[in-house]
Amino acid sequence: MSTSEESLITTEVSSERTGRSDRPDATVLAARDLDVYYGDDRALASVDVEIPEHKVTAIIGPSGCGKSTFLRCINRMNDQIAVCRVDGDLSFHGKNVYDDDVDPVALRRRVGMVFQKPNPFPKSIYDNVAYGLKIQGFDGDMDARVEEALRGAALWGEVKDQLDSSGLDLSGGQQQRLCIARAIAPDPEVILMDEPTSALDPVAASKIEDLIDELAEQYTVVIVTHNMQQAARISDKTAVFLTGGKLVEFDDTAKVFENPDEPRVEEYITGKFG
Amino acid sequence: MSDSPDSKRRADGGTATERTRGEELFADIDLRREHLKNRAFLGLIFAASMFGVVALALLLLDVVTDFYVGLTEFEISLVQFLTADGSRRPERAGFFGAIIASVMLMALTAVLSFFVGVGAAIYLEEYAPNNRITRLIKANLSNLAGVPSIVYGLLVLAALVNGIGVGPILLAGSVALALLVMPIIIVSAQEAIRAVPDGVRNGSYATGATKWQTIRQVVLPSAMPGILTGTILALARAIGETAPLLMIGALFVNRTPFGPFDRFSGMPTQIYAWAAEPSQHFIHLAAVGIVVLLTILLSMNAVAVYLRNKYETAV
Ligand SMILES: Nc1ncnc2c1ncn2[C@@H]1O[C@H](COP(=O)(O)OP(=O)(O)OP(=O)(O)O)[C@@H](O)[C@H]1O
Ligand SMILES: [Mg+2]
């Protein structure tokens, strides 16, 4: 196993670049002994993880290891899948979100999500961004909030003159940033991102990476990615899932990429396996 | 074949001197019989597809000839035809009352069937649990769509016209037509709702929308063009229906109805009544009526096609 201090991949690890790591960790989300089943198939096996506030937590692992499943557990989007069953605890500020007295609709208003495939509504750009606020009965200055969200998603400059045109007329990268704007407009605490850049070209992807960096100032970000460089660049913490839905390593990103405890993680990161 | 294509190729390619001709290269493969079969079958299915078109064309030709003869020989004035009420005297009879009756029938039918139909479709697609009862309902919708229209007339005759005793009024007619087209509207609305990608549904839920908010704000707006197209096509079917109206007794009425509780005779029943008259003049009135009815019907279909094309690419 590697004992060198050099990163396993040829990318700088983020710890020194941002000031975020200096803050003390306060746990927002914690999974304890979390199991997820689709019918009889187990997709997650006793996952324990603590996700810190105002940090970027990356989730990496080979295809089918349960990354999306884990993300969907957090905002209970798994409820939409009939065959899905969740066991164990997943707490948000100490409250198990699977308790009977937790309304998933309320939970999702605090935990926003950006999907792997951009999925803007067939509505105008403005209405896409305003959607979350509208359904929550917001009656303040909508124009200002829409502009703020679009600026936050680094899209304002490109669309400010065409707010009334359909969100579907944008390019893939713009659509994804529109979805990010939609997710941040209602001002959630946590933003979940499932491979938000996998459908994008490198320029659009790097815009979104910059954006995630900024988002972490205000939000807790959990991001699934297949791109090791991206995980290393943007995240503070990294969770590595391996086949069978097991969380095999969870630590500071620098540690995971420079000196992982598990040899299998090292193999996965360096591309020898997975 | 001559070798002119060959030499042309050589001129283009320049260097290709050793190219063999296709026929020589594949000389051992005989496809003549297969190609012959292809052509024979093509001819067969082309004839099949033309059969319907030719039959329709002949029908139209017949109607248009009668229409023309009506206008010239019997001197039916289109203006009078479209503005006069029905009459026992063929030279004074017009279609106005029937057109108004049909328009009112359509409006009432649309109101009665649209909300119930779309509501049922929303329930079946978005809420209904996937169990035996739901599957039974879904399977029987297409059966229901296949029930002969006269049966709906019979039902309304027994339940409303005679049962409650409202008589052969316009409202009773629209109830029969609404029942008739409801399965069609439900099925087409179901299809439109199902065509809304799950991605946008999930996007809405993940933004913190309730189920009804998602349906109301995202699913229905995206499905609406499809729902409207299906509704218009269903109404176009209803406007030409004769049997259920005959069944409830909407016939031999010459006056324009003024409200849903008036007696009436719609366009198809008026045409039916005229066509059954012995006088040639009445028969040609019927032909002119058919042209008017067909024009309205085709315009409705055109609107439906236009709507479908306009929104097809948008969602
Ligand atoms: N809706 C579903 N119904 C049944 N099984 C599912 C469903 N979604 C996921 N699974 C199963 O759960 C396991 C984990 O899937 P998941 O989508 O979480 O993987 P992933 O790590 O996100 O993979 P990828 O990197 O390819 O997106 C897989 O074996 C998959 O087959
Ligand atoms: Mg996934």
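Q: Which residue forms a salt bridge with B:Arg32, and how should I read such a pair?
A: A salt bridge is a side-chain nitrogen of Lys or Arg within 4 Å of a carboxyl oxygen of Asp or Glu. In this predicted model, B:Arg32 is paired in this way with B:Asp30, and their closest N and O atoms are 3.4 Å apart. Residues are numbered from 1 along each chain as its sequence is written, chains are lettered from A in the order in which they are written, and side-chain values use heavy atoms, with hydrogens and water left out. As this is a predicted model, local features need pLDDT of at least 70 and side-chain atom pairs count only at pLDDT 80 or more, whereas totals for chains, interfaces and linings use all residues.

Q: Are B:Arg32 and B:Asp30 buried or exposed?
A: Buried means under 20% relative accessible area, exposed over 50%, and partly exposed in between (1.4 Å probe, protein chains only). B:Arg32 counts as exposed because its relative accessibility is 66%, and B:Asp30 is likewise exposed, at 53%.

Q: Where in chain A do the partners A:Arg32 and A:Asp89 lie?
A: Helices (H or I, at least four residues) and strands (E, at least two) are DSSP runs, numbered from the N terminus. A:Arg32 forms a salt bridge with A:Asp89, with the closest N and O atoms 3.7 Å apart. This pair links distant parts of the chain, 57 residues apart, since A:Arg32 belongs to strand β1 (residues 27–38) and A:Asp89 to strand β4 (residues 84–92). A:Arg32 is partly exposed at 45% relative accessibility, and A:Asp89 is partly exposed at 29%.
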